[in-house]
Amino acid sequence: MLIVDAHEDIAYNVIVHGRDYTFSAQETRAREAGDARTLAETGTCMLGLPEWLAGRVGIIFGTLFTMPIHYAVSLGEGAQSWAYATPQDADAQAMQQLDVYQRLVDENPRFALVRTQRELDTVLATWKDDAPDAERKRQIGLVMLMEGADPIVKPQDIGRWYERGLRIVGPAWVAGTRYAGGNGAPGPLTDEGVQLLRMMKDFNLVLDVSHLSDQACLEALDRYDGPVIASHSNPRSLVPGPRQLSDDMLKALLTHDGIVGILPMNPMLRADWRRGDRKDAVTVADVAGAIDSVCQMAGDAAHVGLGTDFDGGFGAESAPAEIDTVADLGKVADALKVRGYGRVDVEAILSGNWLRLLRRSLP
Ligand SMILES: [Zn+2]
């Protein structure tokens, strides 16, 4: 079975923390062992090429993630070294991140950018086990996702970003952007945000509502009739708070045939879990429970997947008991089977639903 992960902040971590994702997670842990800032900001590394291959994580939505300076200031000195004050700064930083992905692909045949159906087909073919030399040829396909749209200086620039390979756009991150309120900065979809959605539709770009404020999320879903997802958001019914999707937001997403990426991260699964609590207080059964709650609301298993965010601020100490690295993601499939899910539904959840989205959206 193949796995698709709808959210990893690879380029940001390469630039800000000097991570090299061609190393194994274990090697990266050894390299980062004495680096207090990285450990505080990312936790214990869970990602690396050997683990993606071992876990059969064949497609990843890799982010272009930028942070506004006013928010970075609130995080302390370290975070400010790579944050933006103007849209032009944000543009330059997101471009640098695109270059990181391009370099990864250029320097390592194990990685490929996925911008078209044809490129998707090429990557998927490498995961067919009957191919000769199958194991040595497997590739990780990277789909570009912008988390926070301030790097798009004007909505009219979206064509330029599309040419560069961008395929999924999240208008806001926690702190909000010129385009929309964020989960930490409530506000509407702005006039520019409305314009951005109009331009996105021309290119059939995917709208990612993760991190949007409640108001902006509902307004965006009301207006956008292209493909929609929440790349990394859990239901608010499990953990209260604006970072999670309310029932109304979930329903609006499902009405638009959207897909929700569940984070297998303890603080997103259990309201009473705090950083530093026991890792094994949460298990993959909790992940299956979060997935199941979306399936119950949708009435099927066609609208949920995984969006791990495994390098988005929490590390292995904050993941469920059975998950040490991304190579363990398949254990979510086991937990779904225990819950009564059949093979077809489990496959849809681990990869099929995201692949359907890509089939619907890529040129
Ligand atoms: Zn995020």
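1. A cavity, as the word is used here, is a set of grid points where a 1.4 Å probe fits but cannot get out, and its volume is the space filled by probe spheres set on those points. The model under discussion is a predicted one, and a search of the whole structure finds 1 cavity of 30 Å³ or more. The largest cavity holds about 30 Å³ of space, and its lining is made up of Leu-263, Met-265, Met-268, Asp-309, Gly-312 and Phe-314.

2. Turning to the open sites, the second largest pocket contains about 200 Å³ of space. Among the residues that line this pocket are Ile-10, Val-14, Arg-19, Asp-20 and Tyr-21, together with Val-100, Arg-103, Leu-104 and Glu-107. Helix H1 (10-17) and helix H6 (87-107) are the elements that give two or more residues to this lining, and the largest share, 4 residues, comes from H6.

3. Arg-19, which belongs to the lining of the second largest pocket, is also touched by Glu-32. Glu-32 is found in helix H2 (residues 25-32), and its relative accessible area is 6%, so it is classed as buried. Leaving aside residues up to four places away in sequence, Glu-32 touches Thr-38, Leu-39, Thr-42 and Cys-45 as well as Arg-19.

4. Which residues coordinate the zinc ion? The donors are Glu-147 through OE, His-211 through NE2 and His-232 through NE2, at 2.1 to 2.2 Å, and in sequence they follow the spacing E-x63-H-x20-H. His-211 lies in the loop between strand S8 (206-208) and helix H11 (214-223), whereas His-232 lies in the loop between strand S9 (228-230) and helix H12 (247-255), so the pair ties together parts that are 21 residues apart in sequence. Both of these residues, His-211 and His-232, are buried. When judging this site, please bear in mind that water is not among the atoms, so sites may look incomplete.

Definitions and conventions:
Residues are numbered from 1 along each chain as its sequence is written. This is a predicted model: local features need pLDDT of at least 70, side-chain atom pairs count only at pLDDT 80 or more; totals for chains, interfaces and linings use all residues. Side-chain values use heavy atoms; hydrogens and water are left out. Donors are N, O and S atoms within 2.8 Å of the metal (3.2 Å for Na, K and Ca); water is not among the atoms, so sites may look incomplete. Buried means under 20% relative accessible area, exposed over 50%, partly exposed in between (1.4 Å probe, protein chains only). Contact means heavy atoms within 4.5 Å. On a 1 Å grid over the protein atoms alone, a cavity is a set of points where a 1.4 Å probe fits but cannot get out, and a pocket is an open set with protein on both sides within 12 Å along at least five of seven lines; lining residues have an atom within 4 Å of a point.
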